[in-house]
Structure formats: C-alpha cells, structure tokens
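The sequence and the model are shown first.

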Amino acid sequence: MSRTLLRGARVITMAPHRPDAERADVLIDGDSIAGVGEGLDETGAEIVDVTDRIILPGLVNAHLHTWQTALRGVGADWTLADYLGRMHGGAARHYRSEDMRVGTLAGALSQLDRGTTTLGDWCHNTPTPEHTDAALDGLRASGIRGVFLHGTPYSAADAAHPVREIDRLLDGPVAAHPLLALGMAVRGPQLSTPDAAVADFRAAAERGLVVSMHQSGGEPGPGWEAVRAAGLLSPDTNVVHGAGSPTSGSRHWWTRARASRARPRTSSAKATAFPITGRLLRLGAAPSLGTDTDAVAPGDVLSAARIALACQRGRDHDRHRQTTGSFSLTATITGKQALAWATVEGARALGLAGRVGRLEAGMQADLVVIDGPTANPVATALYAGSGDIEAVMIAGRWRKRDHALLDVDLDAVRTQLRDSAARLLSHVTG
C-alpha cells in the first residue's frame with residue numbers, strides 16, 4: 001500500500017487533548033492515517049512538503065439536496081413557501097434521471113473544491129429507481145465520501161418509507177462502493193402520522209441506518225411522542241433544522257431528544273428560521289452544519305459555520321447587555337467550536353464519528369490543505385474560501401491538488417449542467 005508523509009504544516013487535528021494547532025507531520029498509509037506528530041517512520045513514504053500550510057480534517061456538509069445544483073441561485077429571494085411550490089411543485093416533477101446524475105455530480109465536485117470531503121446527500125426526488133441510481137452514479141463519479149440519504153417525493157402523511165427500495169440499495173448500488181453509506185431521509189414525525197413515523201424509525205433501526213427528517217416551522221407534533229415512547233430516538237436520529245419552535249413545549253422536547261442522544265443539524269445559510277445553535281449548547285450538545293440547497297443558499301459549509309458563529313455571538317452579546325447594561329468582555333463561542341461543527345459534529349450526525357472528522361491514527365485519511373497565514377491557524381481555516389483550499393485528500397487519494405480538482409472533465413460537466421438547467425428553469429413556476 002502507498003505511504004505519504006505530509007511534512008512541515010501546522011495541523012489542526014480536532015482530536016481531544018491536543019493543541020488547537022501544532023507543528024506536526026501527518027503519515028498516511030493506504031487509506032488511513034498512521035500517525036500525527038514528529039519523528040514518524042517515513043520508510044517507503046512519498047514526502048510532500050507542506051511548510052507554511054495548514055492541514056485540518058476534511059469538512060462535513062451534513063445536509064445538502066445535491067440534486068438541485070443545476071438551479072443554483074434561482075431561489076435566492078424565495079421564501080420557504082416559494083421553495084416548496086417552485087422547486088417541489090414545479091421543477092422537481094420534470095427531472096429526468098440524467099438531470100439527477102449531473103446535478104449530484106456537479107454539486108459534489110463543488111463541495112470537494114470547497115474542502116468538503118464527506119457529504120450528507122439528502123436525495124428526495126426519487127420517483128423511480130432509475131432516478132435514484134442516477135443520483136448515486138453522480139455521487140460515485142465525484143470521488144467524495146457520501147452518506148446517501150434516500151428520500152421520496154412529498155406524499156400522503158400516512159405513507160411509510162419504501163423499505164423495499166432501501167433493501168435494494170443496501171444489497172447493491174451502495175454496498176458496492178467503499179466511500180458510500182446509506183441512510184433514510186423520511187418525512188418524519190412533523191409531517192407524518194404517528195404510525196408512519198414509528199414504522200419509518202423502526203425500519204431504519206432494524207437496518208442500522210441513520211434516519212434523518214426535517215423539523216422546522218412549527219411545534220413538534222404527536223409523531224415525536226410516539227417515536228420517543230417506542231424507544232426509537234437514538235444517536236442515529238438526525239434532526240434537520242430543528243428551528244421554528246420557540247415555546248416552552250418545544251424546549252422540553254429538545255431536552256428529551258438530547259437525553260436520547262439524537263443528532264441535531266442546523267442550516268445556518270438558509271434563513272427560514274434562526275439557527276438553534278445556542279439552544280443546543282445550553283443543553284450540552286452542539287450542531288452539525290449543512291447548506292441545504294444551492295438553489296437558495298451558498299454551498300460553502302465554512303460560510304455556514306461563520307454565519308452560525310456570528311449569529312450566536314451577536315445574540316449572546318445582546319442578552320448580556322440587556323442583563324448587565326454593558327457589552328460582553330469575553331467571546332461566548334470560540335472559532336474552534338465553530339470549526340468542530342463543520343468537522344467532528346458533522347461526522348457524528350452522519351454516523352461516521354469513528355472514521356472521519358479528526359486527524360489521528362486509525363481514522364480515514366480525509367484532509368484539507370490550506371494555503372494561508374499560519375499565525376492563527378484556526379481562524380485561517382474558519383475564514384478560508386475555495387481559493388485558499390490548495391489540496392483535498394479522501395481515503396488517502398488526492399482529489400484536489402495545487403488548487404485544481406483532479407480526474408474530472410470539468411468542461412464536460414459544465415456543459416451537461418448548463419443543458420440541464422436550461423430545460424429545468426422553464427418548469428420553475430411563479
């Protein structure tokens with residue numbers, strides 16, 4: 001197996017009990033990290049000089065409707081109602097399998113360019129198995145690590161998730177690829193009847209899958225109590241958004257969800273409700289991050305981290321000033337915490353905490369190399385843009401090097417994406 005030694009960088013491991021950043025080498029053996037530190041055994045290793053660079057774990061975008069990439073920016077001024085009507089009520093019904101493939105491929109490549117190595121691909125435009133398989137083809141072709149969260153087009157509240165399709169995917173298209181895992185993107189307790197919600201959660205639990213669902217814009221309904229009473233809330237429960245429910249009842253619900261170790265995720269870049277960052281931190285939890293849809297919001301997970309950090313710091317400052325009459329003298333949240341939301345917490349939310357999100361021996365060799373000032377490595381990483389991302393590695397293989405994506409015909413992808421967009425735009429209603 002190939003060995004690579006990355007020498008001379010400032011390394012942000014995100015591992016507990018290590019410095020925020022340290023001068024260290026990173027040894028990669030095959031698809032895994034063999035060690036982080038000094039004096040590592042370089043026998044047979046290719047030496048890569050990364051002096052004056054910053055290395056951090058690959059970023060995790062825990063929630064993206066990647067299939068919508070061809071319609072990037074079309075809904076920048078949409079409300080949630082606009083999005084549901086124009087995307088799902090309009091364009092989504094006219095997607096061909098080829099549109100699913102190229103949208104997913106282009107979206108995943110865009111994520112790679114921005115330093116995302118793991119993607120929670122929430123795919124809920126799957127009217128046929130051909131649409132599903134085409135999206136998976138795009139994800140595989142990109143080279144990104146992905147959790148393919150299989151969803152369905154919006155349907156009746158009493159409709160259970162099609163588990164035969166889940167089993168088909170487990171037996172073939174997903175199991176055959178080492179970088180892909182499967183999860184269930186269900187309608188969830190807010191949008192399903194209690195019986196359907198319990199059936200979906202139980203199906204996911206029986207198969208050992210992450211179960212993900214939207215919860216936003218209203219009080220958690222009776223389906224959540226039914227799921228909790230059935231003992232089906234767990235660390236594999238991935239709650240999308242979680243916002244828009246500010247009453248005392250919802251706070252009680254979040255406390256119980258936290259007790260069951262359900263995994264929350266906030267979408268800071270899509271302004272349909274205020275991020276739940278502070279509420280989770282007060283419960284001793286932390287959010288993961290997702291950018292939701294390129295049709296409405298920027299696709300950069302570091303931007304989502306910066307927005308969440310700034311919003312919560314501002315809210316905390318206002319609360320402190322209202323309570324004390326003066327401005328706060330200390331930051332309530334650190335940049336390192338915000339970086340954790342885009343790495344460690346994202347890995348946990350997707351059920352991959354033992355594989356990605358940190359740089360330490362035994363973890364997958366998923367990492368990002370940033371070309372930027374090293375005086376404050378955490379700040380440089382947090383405020384990096386795609387142009388600062390010099391290199392990206394997944395499972396020990398370079399996917400971006402010298403600021404350019406590798407092993408992809410970008411001109412061909414752009415042409416296919418433009419053709420798809422031109423056809424689909426005519427079906428965006430309103």
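## Charged and aromatic contacts

Asp411 is exposed, its relative accessible area being 54%. Here, buried means under 20% relative accessible area, exposed means over 50%, and partly exposed lies in between (1.4 Å probe, protein chains only). The model is predicted, so that local features need pLDDT of at least 70 and side-chain atom pairs count only at pLDDT 80 or more, while totals for chains, interfaces and linings use all residues. Residues are numbered from 1 along each chain as its sequence is written, and side-chain values use heavy atoms, with hydrogens and water left out.

Asp411 forms a salt bridge with Arg414, and the closest N and O atoms are 3.1 Å apart. A salt bridge is a side-chain nitrogen of Lys or Arg within 4 Å of a carboxyl oxygen of Asp or Glu. Both residues belong to helix H13 (residues 410-425); because they are 3 residues apart there, about one helical turn separates Asp411 and Arg414. Helices (H or I, at least four residues) and strands (E, at least two) are DSSP runs, numbered from the N terminus. Arg414 is partly exposed, at a relative accessible area of 43%.

By this rule, the count comes to 24 salt bridges. Among them, the side chains of Arg3 and Asp29 meet at 3.6 Å, N to O. Arg3 lies in strand S1 (residues 3-11) and Asp29 in strand S2 (residues 22-29), so this pair ties together parts that are 26 residues apart in sequence. Arg3 counts as buried at 19% relative accessibility, whereas Asp29 is partly exposed at 29%.

Another salt bridge joins Arg207 and Glu206, whose closest N and O atoms are 3.8 Å apart. Arg207 is partly exposed, with a relative accessible area of 25%, and Glu206 counts as exposed at 61%.

| Salt bridge | Closest N to O distance |
|---|---|
| Arg207 and Glu206 | 3.8 Å |
| Asp411 and Arg414 | 3.1 Å |

Attention now turns to aromatic side chains. Rings of Phe, Tyr and Trp (its six-membered ring) pair if their centres lie within 6.5 Å; planes under 30 degrees apart count as stacked, over 60 as edge-to-face and the rest as tilted. The count by this rule is 2 aromatic pairs. Trp67 and Tyr95 form one that is edge-to-face, at 5.0 Å centre to centre and with 80 degrees between the planes. Trp67 lies in the loop between strand S6 (59-64) and helix H1 (80-88), and Tyr95 in the loop between H1 and helix H2 (97-113), so the pair ties together parts that are 28 residues apart in sequence. Both Trp67 and Tyr95 are buried.

The rings of Phe201 and Trp224 are also edge-to-face, because their planes stand at 80 degrees, with centres 6.2 Å apart. This pair links distant parts of the chain, 23 residues apart: Phe201 is in helix H5 (residues 194-207) and Trp224 in helix H6 (residues 222-229). Phe201 is buried, at a relative accessible area of 2%, and Trp224 is buried at 3%.
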